[in-house]
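Student: I am new to this structure and would be grateful for a guided introduction. May we proceed by question and answer?

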Amino acid sequence: MKHLVLFLVTCLLSFSYLQAQVQVIQNVHVLSLEDDSILENQAIRVENGKIVEVIPMTKVSNRPNETIIEGNGAYVFPGLAEFHSHIPVAQNGNTQLQEEAMWLYLANGVLRVRGMIGHASHLPLKARIEAGTLPGPRLFLSGPSFSGGSVSSPEQAAQMVRDEKAAGYDHLKLHPGLEMDEFLAIAKTAKELDIPFGGHVSLDVGLKVSLENGYKSIEHMDGYVEALLPDYSRVFDSDVAGPFTMLLVGEVDMDKLPELVQMSLDHKVWIAPTLTLFDRYFGSKPAEEYRNIPEMKYMSAAQVQNWINAKTPYEEAGILTKENVQPYLDFRNKLLMTLHQAGVPVLMTSDSPQVFNVPGFSIHHEIELMSDAGMSNYEILKSGSVNPALYFEEEGEWGVIKKELQQILFWLRKTH
């Protein structure tokens, strides 16, 4: 299968501080993603940041004061999304790390970002981007996460949902450690307030209860391994189970998978695979080998060292051997393709900035791994454009190339 290779980003940003302008991107092949067709030899006319025409080159008539951008036969598709991001936190009012992350996303063609560990400093960041005072992708923010450490009772959990909805967050992120009654209080209140929620699956809750009670997205495809085990009690011993139950993957009962797939479909859940997180953080490649890969130059030396420190204990414990890792990664690929081929929608997610996943760059690694798993180029691109718009019920408002949409267009070429 040919991989998608990212070629050039041309930023057609319609921030308020830019003067009105007209640009024509010519001699390109357009993947509108409204379907799987390719419009060959096209031109795209953009006025004031909006697409006004997508027309064959044979019909192009250049006008005065237009900026011509030569595509040279490149392929153009909508800007992508990173729908599992850990947006940096402003430290004592210093927003530098946030701003750098936003530029890294834009520089890699990522136009929409779903934050998955919320903080109060993310709200003014989003406001600056929406006001046009800071270039950045559109942000969909979670509030502070719900976990065993942040939730103390069902009543407190329900109030936390109400507080985050009132503060203006777009969705809720759940982490492990929730008790059943706490989870049910979160789910009930979230549904009453019409705010989506998802995340990790707490061991005391389990995948089936999570699906039945409104999880919108299962991050990292979490909980499926545990739900397939003949003896669920083994997941509670971290020494036996390993990170994300890696060490028990050989015990899964695949005869249970069709029921979980059907439940995922019935309850309209989305999956966020984050393949590159598992490939890099929990893969067998030594942590030190990531120190000098090219994109690490965009992260501080201290951050890279923190990532190395996060992975090294698993290496020293003998967990991340190829014998342990490869069956687990193979299972994750099989799980992704089984869910995807059954019709469970997939979101493009890489979990950045997270261990060895640099904002923007990691999405390109995710694309390659999705292709290796067996997804078609068209379905991969949909997972980062059409699907994220559907997730937030904004179908057709973005994620496709058509008239009247504001866009940053992403150019690509294909390898041979």
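Predicted model: local features only at pLDDT ≥ 70, side-chain atom pairs only at ≥ 80, totals over all residues.

Student: In which loop is Lys 216 found?

Tutor: Helices (H or I, at least four residues) and strands (E, at least two) are DSSP runs, numbered from the N terminus. Lys 216 is in contact (heavy atoms within 4.5 Å) with residues including Trp 270, Tyr 391 and Lys 268, leaving aside neighbours within four places in sequence. Its own position is the loop between helix H5 (207–212) and strand S11 (217–219).

Student: Is Lys 268 buried or exposed?

Tutor: Lys 268 has its place in the loop between helix H8 (257–266) and strand S12 (270–272). Its C-alpha atom is separated by 9.0 Å from that of Ser 217, 51 residues apart along the chain. At 64% relative accessibility, Lys 268 counts as exposed.

Student: Which helix gives the most residues to the lining of the largest cavity?

Tutor: On a 1 Å grid over the protein atoms alone, a cavity is a set of points where a 1.4 Å probe fits but cannot get out, and lining residues have an atom within 4 Å of a point. The largest cavity has a volume of about 90 Å³, and of the 14 residues that line it, the closest to its centre include His 220, Met 221 and Tyr 328. Helix H6 (224–227) and helix H11 (322–342) each give two or more residues to this lining. The most, four residues, come from H11.

Student: How many residues apart in sequence are the parts tied together by Arg 63 and Glu 47?

Tutor: The side chains of Arg 63 and Glu 47 meet in a salt bridge of 3.8 Å, N to O. Arg 63 lies in the loop between strand S4 (50–56) and strand S5 (66–78) and Glu 47 in strand S3 (residues 39–47), so the parts that the pair ties together are apart in sequence by 16 residues.

Student: Where is Asp 170, the partner of Lys 126?

Tutor: Lys 126 forms a salt bridge with Asp 170, and their closest N and O atoms are 2.9 Å apart. The two are 44 residues apart, with Lys 126 in helix H2 (residues 122–131) and Asp 170 in the loop between helix H3 (154–167) and strand S9 (172–174).

Student: How many salt bridges does the count come to?

Tutor: One of them joins Arg 291 and Glu 288, whose closest N and O atoms are 2.8 Å apart. Others share partners and join Arg 45, Glu 47, Glu 53, Arg 63 and Glu 66 into one network. By the rule stated above, the count of salt bridges comes to 13.

Technical notes: Residues numbered from 1 in each chain as written. Heavy atoms only, no water. 1 Å grid on protein atoms, 1.4 Å probe; cavity = no way out; pocket = protein on both sides within 12 Å on 5 of 7 lines; lining within 4 Å. Points joined across faces, edges and corners; volume = space filled by probe spheres on them. Salt bridge = Lys/Arg side-chain N within 4 Å of Asp/Glu carboxyl O. Buried < 20%, exposed > 50% of the residue type's maximum accessible area, 1.4 Å probe, protein only.
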